[in-house]
Amino acid sequence: MKLKVYLFGRLRLELNGNIIDLEELLGNQLSNVFALLVCNNEKGVTKNELIEKFWYDSENPANALKYAIFRLRNTLKQEPLLSDYNIVVTNKTGYTISDEFEIELDVEEFETKYYLAKQNNSLGFYRECFDMYATFLDGLDSDWTVNERSHYLQQYLQLSAVLAKLYLDIYKNEDCMMVAKKALSYDKYNEELIYCYINSLIENKQYNEALKYYDNVSRSFKEEMGFKLNLKNKNLFDIISSKNKNIDKVDLFNNEKFLSAMYVDSKTFKSIITYEMRNKIREDNHRYVVFINSKKPGDIDKIITAIGVNLRLNDIYCKIDDYTIGLCMKLASKEDIDIVFKRLYAKFIDIVDKENISYEIKDL
């Protein structure tokens, strides 16, 4: 029997075309337990894993777990649509979802379509992913959801930037504006989305609105972060404040290499650092190098994925080896690099073990 579980937004279950709000039925703690079980439905979750996630500070964690599973099973059966089924069953090491159910997860469908969208550069698949997304288990508070929430948010922001650009390329400015505006509600300082939104306003000849938005986002960024937002196109302010009302298409994306920060190999990174050291005397701003180190090799790729979409256009980054990432960033002062890096640090620290992470900032 097919059982579809929705993890984007509120935790819900669909059975035979009927939607059940599990958060309302189960409450916070039992909803968290059930969500963890369905996310691991193929292998189940051990008793020790459940205790570590939910009852690590309990005086009698084994009894707390046993009672929670008892309540979960009973509460599920109180729902008339589920009363005939034993959904949560015991296995050798813990608990899992009964194999009489074929589990479908909206997050797995999301990732499949996102993969197809990237493979085929498909506007249709990108739009489907965009429409599917909501914050992962938005109504539940639990430490275990943090990594998953960050993972899907980064994917959503990346696909939204691509989708907005695709709409802009085919002159669907309203669609571009809608996509960028919604995605910016999750990350208001995402540079690519800001540009898509402003460019869609320019395309619609809404110059005053574009200028007002530019001013507002620049001012709020300065107030919040302590320095100016480093937008990708230096001429943007001149474009949107121009008195020329006959501006034709403004293509801020006429070269794909300017869409994001530059990722390079370690050899190129070393050459760039050497060049910057030789030329730093000519510039008011300074280049700073940040080395992010991890004791666990797999963390490095996770960090690169998490920070890549949040770096600025003139930032340069690379994977130096399996344990180190290098960032080269141009800013006016040491205080600015501290602020910027703290923002980046917040983007990845929840998806890795912070005990394994260290970093060092050097002034060129």
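1. Let's start with leucine 7. Setting aside neighbours within four places in sequence, leucine 7 is in contact with Ala35, Val38, Cys39, Leu105, Asp106, Val107, Thr135, Phe136 and Leu137. Keep in mind that this is a predicted model.

2. Leu7 also belongs to the largest nonpolar core, which has 80 residues. Along with Phe34, Leu50, Leu72 and Leu76, Leu7 touches the most other members of that core. Helix H6 (residues 145-169) supplies the largest share of this core, with 11 residues.

3. There's a second, separate core as well, this one of 25 residues. Among its members are Tyr288, Ile292, Ile304 and Ala306.

4. Now for the sheet. It is open and has 5 strands, ordered E8-E10-E11-E9-E12, with mixed pairing. Strands E8 (262-263) and E12 (357-363) sit at the edges with a single partner strand each, so one side of each has no neighbour in the sheet.

5. Further in, take a look at E9 (residues 286-294) and E11 (residues 324-331): these two strands pair in the antiparallel sense over 8 bridges. Tyrosine 288, which we met in the second core, has methionine 329 of E11 as its bridge partner.

6. Two helices go with the sheet. Helix H12 (residues 297-308) packs on it and touches E8, E9, E10 (316-321), E11 and E12; the direction of H12 makes about 175 degrees with that of E10. Helix H13 (residues 334-348) lies across E9, E11 and E12, and runs at about 140 degrees to E11.

Conventions:
Residues numbered from 1 in each chain as written. Predicted model: local features only at pLDDT ≥ 70, side-chain atom pairs only at ≥ 80, totals over all residues. Heavy atoms only, no water. Pairing = 2+ DSSP bridges. Helix = DSSP H or I, 4+ residues; strand = E, 2+ residues; numbered from the N terminus. Contact = heavy atoms within 4.5 Å. Axes fitted to C-alpha atoms, helices over the stretch in contact; angles between N-to-C directions. Core = buried A, V, L, I, M, F, W, Y, C linked by side-chain atoms within 4.5 Å. Buried < 20%, exposed > 50% of the residue type's maximum accessible area, 1.4 Å probe, protein only.
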